[in-house]
Amino acid sequence: MSTTLRPSEAARTETERVVLPRRRGRRRAPAPRRPGLLKFGHWWWALPGIVFVIGIHYVATSVGGFFAFTNWTGIGAFELIGLDNFVRIFQDPTKLGALWNTLFLAFGSVILSNVLGLGFALGLNRGLKSRYILRTLFFMPVVLSPLATSYIWKFIFDYNGPLNLVLRGAGLGDLARAWVADPTWAIWTVLVVLVWQNIGFAMVIYMAGLAAVPVEIEEAAAIDGASLWQRFWHVTLPSIRPAVAIATTLGLVNGLRVFDQIMALTGGGPAAATETLATQVYKQSFALGNFGYGAALALLLTLIILAFAVVQQRVSNGRPEES
(Lines give C-alpha, C1' and ligand atoms only; values in the text may rest on other atoms or scores of the structure.)
Protein backbone atom coordinates (compact mmCIF):
# COMPACT_ATOMS: atom_id res chain seq x y z
CA MET A 1 0.00 0.00 0.00
CA SER A 2 1.50 3.32 -0.98
CA THR A 3 1.58 6.34 1.35
CA THR A 4 0.67 9.72 -0.01
CA LEU A 5 2.46 12.71 1.59
CA ARG A 6 1.00 16.17 1.75
CA PRO A 7 3.05 18.97 0.14
CA SER A 8 4.13 20.38 3.52
CA GLU A 9 5.29 16.97 4.72
CA ALA A 10 7.12 16.39 1.47
CA ALA A 11 8.88 19.77 1.80
CA ARG A 12 9.81 19.01 5.42
CA THR A 13 11.22 15.68 4.38
CA GLU A 14 13.33 17.26 1.66
CA THR A 15 14.62 19.89 4.13
CA GLU A 16 15.59 17.23 6.62
CA ARG A 17 17.42 15.39 3.90
CA VAL A 18 19.50 18.47 3.15
CA VAL A 19 20.06 19.82 6.67
CA LEU A 20 20.35 16.73 8.84
CA PRO A 21 23.47 14.63 8.40
CA ARG A 22 23.03 11.23 6.90
CA ARG A 23 23.34 8.33 9.24
CA ARG A 24 25.81 5.75 8.19
CA GLY A 25 26.95 2.63 9.86
CA ARG A 26 30.69 3.26 9.90
CA ARG A 27 32.60 6.24 8.73
CA ARG A 28 35.22 5.63 6.18
CA ALA A 29 38.70 6.23 7.51
CA PRO A 30 40.36 9.28 5.94
CA ALA A 31 42.83 8.51 3.25
CA PRO A 32 46.39 8.72 4.50
CA ARG A 33 48.26 11.82 3.39
CA ARG A 34 51.19 11.41 1.15
CA PRO A 35 54.42 11.79 3.07
CA GLY A 36 56.14 15.00 2.13
CA LEU A 37 58.89 17.31 3.24
CA LEU A 38 56.60 20.14 4.39
CA LYS A 39 54.34 19.17 7.27
CA PHE A 40 52.73 21.39 9.87
CA GLY A 41 54.03 20.98 13.39
CA HIS A 42 57.59 19.96 12.58
CA TRP A 43 60.15 21.51 14.87
CA TRP A 44 62.52 22.46 12.09
CA TRP A 45 60.11 25.13 10.91
CA ALA A 46 61.38 27.24 13.82
CA LEU A 47 65.02 26.45 13.01
CA PRO A 48 65.76 29.69 11.06
CA GLY A 49 64.37 31.80 13.89
CA ILE A 50 66.30 29.80 16.47
CA VAL A 51 69.52 30.22 14.48
CA PHE A 52 69.02 33.99 14.18
CA VAL A 53 68.23 34.37 17.90
CA ILE A 54 71.25 32.31 18.93
CA GLY A 55 73.56 34.05 16.46
CA ILE A 56 72.44 37.63 17.04
CA HIS A 57 71.72 37.56 20.76
CA TYR A 58 73.66 34.83 22.49
CA VAL A 59 76.73 34.48 20.27
CA ALA A 60 77.15 38.25 19.88
CA THR A 61 76.68 38.76 23.63
CA SER A 62 79.19 36.03 24.40
CA VAL A 63 81.75 37.56 22.03
CA GLY A 64 81.22 40.98 23.61
CA GLY A 65 81.60 39.42 27.05
CA PHE A 66 84.90 37.90 25.93
CA PHE A 67 86.26 41.27 24.76
CA ALA A 68 85.41 42.70 28.20
CA PHE A 69 88.54 40.90 29.45
CA THR A 70 90.79 42.33 26.73
CA ASN A 71 92.33 45.68 25.80
CA TRP A 72 91.01 45.61 22.23
CA THR A 73 90.58 49.02 20.59
CA GLY A 74 88.28 47.76 17.85
CA ILE A 75 91.10 47.42 15.31
CA GLY A 76 94.06 45.10 15.26
CA ALA A 77 95.30 42.66 17.86
CA PHE A 78 94.42 42.52 21.53
CA GLU A 79 95.66 41.01 24.76
CA LEU A 80 93.86 39.30 27.62
CA ILE A 81 94.08 41.51 30.71
CA GLY A 82 91.76 39.65 33.06
CA LEU A 83 89.70 41.81 35.40
CA ASP A 84 91.67 45.02 34.86
CA ASN A 85 88.78 46.71 33.03
CA PHE A 86 86.40 46.03 35.91
CA VAL A 87 88.96 47.30 38.44
CA ARG A 88 89.23 50.52 36.44
CA ILE A 89 85.46 50.88 36.44
CA PHE A 90 85.14 50.71 40.22
CA GLN A 91 88.12 53.00 40.73
CA ASP A 92 86.83 55.73 38.42
CA PRO A 93 84.49 58.25 40.11
CA THR A 94 82.90 59.07 36.76
CA LYS A 95 81.88 55.45 36.21
CA LEU A 96 80.57 55.14 39.75
CA GLY A 97 78.55 58.30 39.18
CA ALA A 98 77.20 56.79 35.95
CA LEU A 99 76.20 53.67 37.89
CA TRP A 100 74.39 55.77 40.48
CA ASN A 101 72.59 57.78 37.79
CA THR A 102 71.54 54.56 36.08
CA LEU A 103 70.00 53.18 39.26
CA PHE A 104 68.38 56.53 40.12
CA LEU A 105 66.71 56.88 36.72
CA ALA A 106 65.64 53.22 36.64
CA PHE A 107 64.00 53.12 40.06
CA GLY A 108 62.66 56.68 39.87
CA SER A 109 61.00 56.09 36.51
CA VAL A 110 59.62 52.70 37.59
CA ILE A 111 58.05 54.04 40.78
CA LEU A 112 56.56 57.20 39.30
CA SER A 113 55.45 55.61 36.02
CA ASN A 114 53.72 52.71 37.74
CA VAL A 115 52.00 54.84 40.38
CA LEU A 116 50.73 57.35 37.81
CA GLY A 117 49.95 54.63 35.26
CA LEU A 118 47.90 52.71 37.82
CA GLY A 119 46.08 55.88 38.80
CA PHE A 120 45.19 56.66 35.18
CA ALA A 121 44.13 53.04 34.61
CA LEU A 122 41.79 53.16 37.61
CA GLY A 123 40.33 56.47 36.47
CA LEU A 124 39.81 55.37 32.86
CA ASN A 125 38.74 51.80 33.59
CA ARG A 126 35.00 52.33 33.42
CA GLY A 127 32.25 54.92 33.71
CA LEU A 128 33.91 57.79 31.84
CA LYS A 129 32.43 58.63 28.44
CA SER A 130 35.64 60.11 27.03
CA ARG A 131 37.82 57.28 28.32
CA TYR A 132 38.69 55.94 24.86
CA ILE A 133 39.99 59.31 23.66
CA LEU A 134 41.93 59.83 26.89
CA ARG A 135 43.46 56.35 26.66
CA THR A 136 44.74 57.18 23.18
CA LEU A 137 46.17 60.50 24.31
CA PHE A 138 47.95 59.01 27.32
CA PHE A 139 49.34 56.11 25.28
CA MET A 140 50.53 58.26 22.37
CA PRO A 141 53.96 59.16 23.92
CA VAL A 142 54.82 55.45 24.01
CA VAL A 143 54.68 55.09 20.23
CA LEU A 144 56.48 58.36 19.48
CA SER A 145 60.21 58.43 18.81
CA PRO A 146 62.14 58.91 22.08
CA LEU A 147 64.80 60.92 20.27
CA ALA A 148 62.34 63.28 18.58
CA THR A 149 60.26 63.89 21.70
CA SER A 150 63.41 64.46 23.76
CA TYR A 151 64.43 67.31 21.45
CA ILE A 152 61.00 68.86 21.97
CA TRP A 153 61.45 68.56 25.72
CA LYS A 154 64.90 70.12 25.39
CA PHE A 155 63.25 73.15 23.79
CA ILE A 156 60.69 73.24 26.63
CA PHE A 157 63.45 73.18 29.27
CA ASP A 158 65.56 75.79 27.47
CA TYR A 159 66.35 79.00 29.35
CA ASN A 160 64.15 80.96 26.93
CA GLY A 161 61.75 78.06 26.48
CA PRO A 162 58.05 77.74 27.32
CA LEU A 163 58.60 76.49 30.89
CA ASN A 164 60.59 79.54 31.97
CA LEU A 165 58.19 81.84 30.10
CA VAL A 166 55.31 80.41 32.13
CA LEU A 167 57.28 80.83 35.36
CA ARG A 168 58.11 84.43 34.55
CA GLY A 169 54.52 85.13 33.55
CA ALA A 170 53.33 83.72 36.89
CA GLY A 171 55.71 85.95 38.81
CA LEU A 172 58.11 83.10 39.60
CA GLY A 173 61.04 84.40 37.56
CA ASP A 174 63.47 83.50 40.35
CA LEU A 175 62.81 79.81 39.62
CA ALA A 176 63.70 80.15 35.94
CA ARG A 177 66.98 78.52 35.02
CA ALA A 178 68.73 76.60 32.26
CA TRP A 179 67.32 73.27 33.37
CA VAL A 180 69.32 70.91 31.14
CA ALA A 181 72.53 72.89 31.71
CA ASP A 182 72.26 72.91 35.51
CA PRO A 183 74.23 70.04 37.11
CA THR A 184 71.68 69.84 39.92
CA TRP A 185 68.51 69.78 37.84
CA ALA A 186 69.64 68.09 34.63
CA ILE A 187 69.10 64.56 35.95
CA TRP A 188 65.57 65.54 37.03
CA THR A 189 64.70 66.77 33.54
CA VAL A 190 65.72 63.37 32.17
CA LEU A 191 63.55 61.68 34.80
CA VAL A 192 60.55 63.83 33.84
CA VAL A 193 60.88 62.84 30.18
CA LEU A 194 61.23 59.14 31.07
CA VAL A 195 58.17 59.17 33.29
CA TRP A 196 56.12 61.09 30.70
CA GLN A 197 56.96 58.53 28.01
CA ASN A 198 56.42 55.41 30.15
CA ILE A 199 53.12 56.27 31.88
CA GLY A 200 51.02 55.12 28.93
CA PHE A 201 52.82 51.77 28.74
CA ALA A 202 52.17 51.03 32.41
CA MET A 203 48.59 52.26 32.08
CA VAL A 204 47.80 49.77 29.29
CA ILE A 205 49.22 46.86 31.29
CA TYR A 206 47.20 47.80 34.37
CA MET A 207 44.03 48.27 32.35
CA ALA A 208 44.44 44.74 31.00
CA GLY A 209 44.78 43.51 34.58
CA LEU A 210 41.78 45.50 35.79
CA ALA A 211 39.62 44.05 33.02
CA ALA A 212 39.96 40.63 34.69
CA VAL A 213 38.81 41.86 38.13
CA PRO A 214 35.15 40.83 38.66
CA VAL A 215 32.88 43.78 39.37
CA GLU A 216 30.79 41.62 41.72
CA ILE A 217 33.67 41.31 44.18
CA GLU A 218 34.09 45.08 44.43
CA GLU A 219 30.34 45.54 44.83
CA ALA A 220 30.22 42.93 47.58
CA ALA A 221 33.07 44.65 49.41
CA ALA A 222 31.27 47.99 49.10
CA ILE A 223 28.07 46.45 50.51
CA ASP A 224 30.09 45.08 53.45
CA GLY A 225 31.14 48.63 54.27
CA ALA A 226 34.68 48.67 52.83
CA SER A 227 35.96 52.12 51.94
CA LEU A 228 37.40 53.03 48.54
CA TRP A 229 40.96 52.59 49.78
CA GLN A 230 40.14 49.26 51.46
CA ARG A 231 38.55 47.95 48.26
CA PHE A 232 41.63 48.96 46.28
CA TRP A 233 44.14 47.56 48.77
CA HIS A 234 42.41 44.28 49.62
CA VAL A 235 40.50 43.48 46.40
CA THR A 236 41.85 45.28 43.35
CA LEU A 237 45.58 45.28 44.03
CA PRO A 238 45.88 41.55 44.86
CA SER A 239 43.88 40.74 41.72
CA ILE A 240 46.25 42.64 39.42
CA ARG A 241 49.48 41.32 40.96
CA PRO A 242 50.60 39.70 37.66
CA ALA A 243 50.15 43.05 35.90
CA VAL A 244 52.23 44.75 38.60
CA ALA A 245 55.01 42.21 38.09
CA ILE A 246 55.03 42.69 34.31
CA ALA A 247 54.89 46.49 34.44
CA THR A 248 57.64 46.84 37.04
CA THR A 249 59.94 44.32 35.36
CA LEU A 250 59.68 45.88 31.91
CA GLY A 251 59.92 49.38 33.34
CA LEU A 252 63.03 48.49 35.33
CA VAL A 253 64.75 46.94 32.33
CA ASN A 254 63.94 49.95 30.13
CA GLY A 255 65.07 52.36 32.84
CA LEU A 256 68.42 50.65 33.33
CA ARG A 257 69.33 50.92 29.65
CA VAL A 258 68.04 54.44 28.98
CA PHE A 259 70.09 56.11 26.25
CA ASP A 260 68.16 58.13 23.66
CA GLN A 261 66.66 60.65 26.06
CA ILE A 262 70.00 61.44 27.69
CA MET A 263 71.87 61.85 24.41
CA ALA A 264 69.18 64.20 23.08
CA LEU A 265 68.68 66.25 26.25
CA THR A 266 72.12 66.59 27.81
CA GLY A 267 74.60 64.35 25.99
CA GLY A 268 75.69 63.07 29.40
CA GLY A 269 76.49 66.53 30.77
CA PRO A 270 76.80 68.98 32.27
CA ALA A 271 80.01 67.86 33.97
CA ALA A 272 78.94 64.18 33.62
CA ALA A 273 75.90 64.86 35.82
CA THR A 274 73.64 62.71 33.64
CA GLU A 275 76.05 60.03 32.49
CA THR A 276 74.74 56.47 32.70
CA LEU A 277 76.30 53.11 31.97
CA ALA A 278 74.61 53.04 28.56
CA THR A 279 76.04 56.42 27.52
CA GLN A 280 79.47 55.42 28.83
CA VAL A 281 79.36 52.21 26.78
CA TYR A 282 78.71 54.26 23.65
CA LYS A 283 81.40 56.86 24.37
CA GLN A 284 84.10 54.42 25.43
CA SER A 285 83.50 51.99 22.55
CA PHE A 286 82.72 54.22 19.59
CA ALA A 287 83.93 57.72 20.50
CA LEU A 288 87.19 56.90 22.32
CA GLY A 289 87.97 53.51 20.73
CA ASN A 290 88.29 51.66 24.05
CA PHE A 291 86.24 48.71 22.87
CA GLY A 292 87.41 46.32 25.58
CA TYR A 293 86.63 48.85 28.31
CA GLY A 294 83.23 49.59 26.75
CA ALA A 295 82.49 45.86 26.56
CA ALA A 296 83.25 45.58 30.27
CA LEU A 297 80.77 48.37 30.99
CA ALA A 298 78.17 46.67 28.79
CA LEU A 299 78.71 43.35 30.55
CA LEU A 300 78.32 45.04 33.93
CA LEU A 301 75.07 46.66 32.77
CA THR A 302 73.79 43.31 31.48
CA LEU A 303 74.52 41.61 34.80
CA ILE A 304 72.78 44.40 36.72
CA ILE A 305 69.67 44.15 34.51
CA LEU A 306 69.62 40.36 34.85
CA ALA A 307 70.05 40.47 38.63
CA PHE A 308 67.29 43.05 39.18
CA ALA A 309 64.91 41.28 36.79
CA VAL A 310 65.37 37.94 38.58
CA VAL A 311 65.01 39.48 42.05
CA GLN A 312 61.92 41.42 41.01
CA GLN A 313 60.26 38.32 39.57
CA ARG A 314 61.08 36.35 42.74
CA VAL A 315 59.59 39.05 44.94
CA SER A 316 56.45 39.41 42.81
CA ASN A 317 55.74 35.72 42.34
CA GLY A 318 57.03 34.40 45.63
CA ARG A 319 54.18 35.69 47.76
CA PRO A 320 51.36 33.28 48.58
CA GLU A 321 48.30 33.72 46.43
CA GLU A 322 45.23 35.11 48.14
CA SER A 323 41.93 33.30 47.74
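Visitor: What is the source of the "transmembrane region" label on residues 43-69, 103-124, 136-156, 185-211 and 291-311?
Guide: That one comes from UniProt, from an unreviewed entry. Positions there follow the numbering used here, feature names are shortened, and annotations may be inferred rather than shown by experiment. The structure itself is a predicted model, where local features need pLDDT of at least 70, side-chain atom pairs count only at pLDDT 80 or more, and totals for chains, interfaces and linings use all residues. Residues are numbered from 1 along each chain as its sequence is written, and side-chain values use heavy atoms, leaving out hydrogens and water.

Visitor: How much helix and strand is there over residues 103-124 and how far apart are the end C-alpha atoms?
Guide: Residues 103-124 are 95% helix and 0% strand, with 31 Å between the end C-alpha atoms. Residues 185-211 come out at 93% helix and 0% strand, and their ends lie 39 Å apart. Helices here are DSSP runs of H or I, at least four residues, and strands are runs of E, at least two, numbered from the N terminus. By that count the protein has 14 helices and 0 strands.

Visitor: How confident is the predictor, in pLDDT terms?
Guide: The average pLDDT (the predictor's confidence in each residue, from 0 to 100) is 83, and 84% of the residues score at least 70. Over residues 7-16, pLDDT stays under 50, and the model has 2 contacts (heavy atoms within 4.5 Å) beyond four places in sequence for that stretch.

Visitor: Which residues have the most contacts inside the largest nonpolar core?
Guide: They are I89, L256, L277 and I304, in a core of 21 residues. To belong, a residue must be a buried Ala, Val, Leu, Ile, Met, Phe, Trp, Tyr or Cys, joined to the others through side-chain atoms within 4.5 Å. Helices α3 (84-91), α4 (93-123), α11 (241-256), α13 (277-287) and α14 (291-317) each supply at least two residues of this core. The largest share, 8 residues, is from α14.

Visitor: What makes you place this core where you do, relative to domain 1 and domain 2?
Guide: Domain 1 (53-91 + 276-318) and domain 2 (104-275) both contribute residues, so the core lies between them. The domain bounds come from an automatic or database domain assignment. A second, separate core has 16 residues, including W153, I187, V193 and I262.

Visitor: What does L277 touch?
Guide: Leaving aside residues up to four places away in sequence, L277 touches K95, A98, L99, T102, L297, L301 and I304.

Note on methods:
Buried means under 20% relative accessible area, exposed over 50%, partly exposed in between (1.4 Å probe, protein chains only).
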